[in-house]
Amino acid sequence: MNLHLSPAASADTAPPHIRIDRLSFDYGGARPAVDALSFDIAKGEFIGLLGPSGCGKSTTLRMFAGLLAPTSGQITIGGQNIVSRPPWDRNLGLVFQSYALFPHMTVAQNVAFGLRLRKVSKEDQRARVAEALRAVRLESFGARRPSELSGGQQQRVAIARAIVIEPEILLLDEPLSNLDARLRDEMRFEIRDIQTRTGITTLFVTHDQQEALTMCDRIAVMNAGKLEQIGTPAEVYDRAATPFVANFIGRANNLATTLSLSAGQPTLVCDGQTLPLPTDLPINAANGSSIAVMVRPHAIRLRPPSSDGLTGTVVRRVFVGSTIETAIKLDGGQTLIAELRPNSDDTALAAEGARVGVDWLARDMRLFAS
Amino acid sequence: MTKLLSILGRAYVIAIFAFIFLPMLIILVISFSADSYLSFPPSGWSLKWYGTVLGNAAFMTGLKNSAIIAVIVAVLSLLLGLPAAYALVRMEFPGRTLIRNLILTPLILPAMMLGLGILMVFTPAGLVATYPGLVLAHLVMTLPFSIRILQTTLSNLGTDVEEAAMTLGARPLQTFLQITLPRLMPGVIASSAIAAILSFDEIVLSLFIVGPRLQTLPVVIYRYVNERTDPMVAVLAVLLIAISLTIVLLVERSVGFAKAFGR
């Protein structure tokens, strides 16, 4: 019944450190906030939970922390189901978007809080607090109040306070969204660096695909309460499993086409123009069905217009710096955005108003039957 | 044009302040009068009426009674108001919004009506002209304020910090005592101070339930003014203002008034 526990799977692989199994939460709205979410997290892994606001990622995090009871499903850590345990009995570190430091305590008292409740001896407390503050490079700030620190420093205190208790998993809830842009880039590497040095398994909730791509070992992309795809940053970027993932992570062009199997070789028809399909492209759809073609703007190539393939007119050309962004209106009416390299042959063709042919490598396109 | 408007605006604000504070200023001046009747400006200056007040047994007993009642009311207002505010902000139960909206009704109802109602209940219960009776009557006035102030402070705190404490291992009671309560201090001090001031100044409800055995200072003053008018009344008014002001200043010094009321 339980696919995850089939003998073959458990015989040669160790049980995962953390397993989320058909986790659901229903507020009683039109659809569940989290809908049968399942994935595994390996020990020491840095996992991103990525999705737009309202996708259920924060709800998932709150269920992890014990601040919300799941409607159904399990979260197991080291084989033990934790969903019935109260938050104070889970040994998790949670870093809030607002940092949620204790304003009436010093930095050192903030960090020592979890140790004090665990009845750690005074000497050990001091040593471990010092070690945690060193890990976040705030060793000389122990006597200060949170209100005397900058946003980035408060953030690091919150991380120190969470990691000092040596949690089973560190939960980060949009930790960068309250910081200004420059500090955000700095903290991105800082957080990843702290995680690598301490080796603490981390679940990082964010709506920012750039953060997820640059920081995470793997990314779980959520939409409307469901898991769309989980994979390495390269996997979710290059081999998006769903149109949602393709469009949420990175920029994407979407072309509406129709599959034609009549002419021997399968082709895609886009408003009367045909796109040849390589025969080895796996597509499981009937003749005449609608296919969405997804191409990244940087994968698009221009060539002189010809009778086969897609042709169109350059309607806009914008210098962005590292690329030339070009909008091409296809003769069928749909518009593609291309990011061209400056001083390339492609760019030379892309004068505003010029007629061009458009193509891309087969490996650069993703097809979704709709 | 805008300059004229701003001058007019300033003059208007000054006029309003004068309207509020001039009577008090006149009373302060009269309290130092050497005359034996109320007149302004006084024909001579002296501190003799201060001496008379401090030597008046009825006033001093009233002051003592009012002070004792104010302290007890302040403490009870906090002890009863805090759990109520906590429940209204943090817990979900049917009718919560209704109760939240109704909590200030005692302040809207005419005090006369409340006083009469309280008298009807207290007479058979033997609470008239007793400390418990006066404390209970004053609580009717102070609790809505206390609950409202604590409610505001509590909802301004949010729940993140408490949730952070819980994930670090704090049980609910530990969280409340070590995290919530210290952060609630401004509201605790403000609500207690307001309760003490309201109780100390309360007259309408008190009039219904005081008796010859037990009188509060405002009631003693009221009765005195009914019969006589001499500068002693001005001295008493100054003393009442001074006491209220002292409490306000203490709050300002300890937490800052603006902060105590959640801005």
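Across the interface of chain A and chain B the rule finds 1 salt bridge, meaning a side-chain nitrogen of Lys or Arg within 4 Å of a carboxyl oxygen of Asp or Glu. The model is predicted, with local features needing pLDDT of at least 70 and side-chain atom pairs counting only at pLDDT 80 or more, while totals for chains, interfaces and linings use all residues. Residues are numbered from 1 along each chain as its sequence is written, and side-chain values use heavy atoms, leaving out hydrogens and water.

Interface of chains A and B

- The side chains of A:Arg62 and B:Glu163 meet in a salt bridge, at 2.7 Å from N to O.
- Chain A gives 22 residues to the contact and chain B gives 17 (heavy atoms within 4.5 Å).
- About 1,700 Å² is buried between chain A and chain B, 67% of it on carbon and sulfur atoms; buried area is the accessible area (1.4 Å probe) that two parts lose on being put together, summed over both.
- A:Trp88, A:His104 and A:Leu117 lose the most area in chain A to chain B, together 35% of what that side buries.

Helices α7 and α9 of chain B

- The axes (lines fitted to C-alpha atoms over the stretch in contact) of helix α7 (residues 131-157) of chain B and helix α9 (residues 172-201) of chain B come within 9 Å and cross at roughly 155°.
- That crossing angle makes α7(B) roughly antiparallel to α9(B) (angles over 145 degrees).
- Residues in the contact include B:Phe145 and B:Ile149 of α7(B) and B:Leu184 and B:Ile194 of α9(B).

Technical notes: Chains lettered and ligands numbered in written order. Axes fitted to C-alpha atoms, helices over the stretch in contact; angles between N-to-C directions. Helix = DSSP H or I, 4+ residues; strand = E, 2+ residues; numbered from the N terminus. Parallel < 35°, antiparallel > 145°, perpendicular 65-115°, else oblique.
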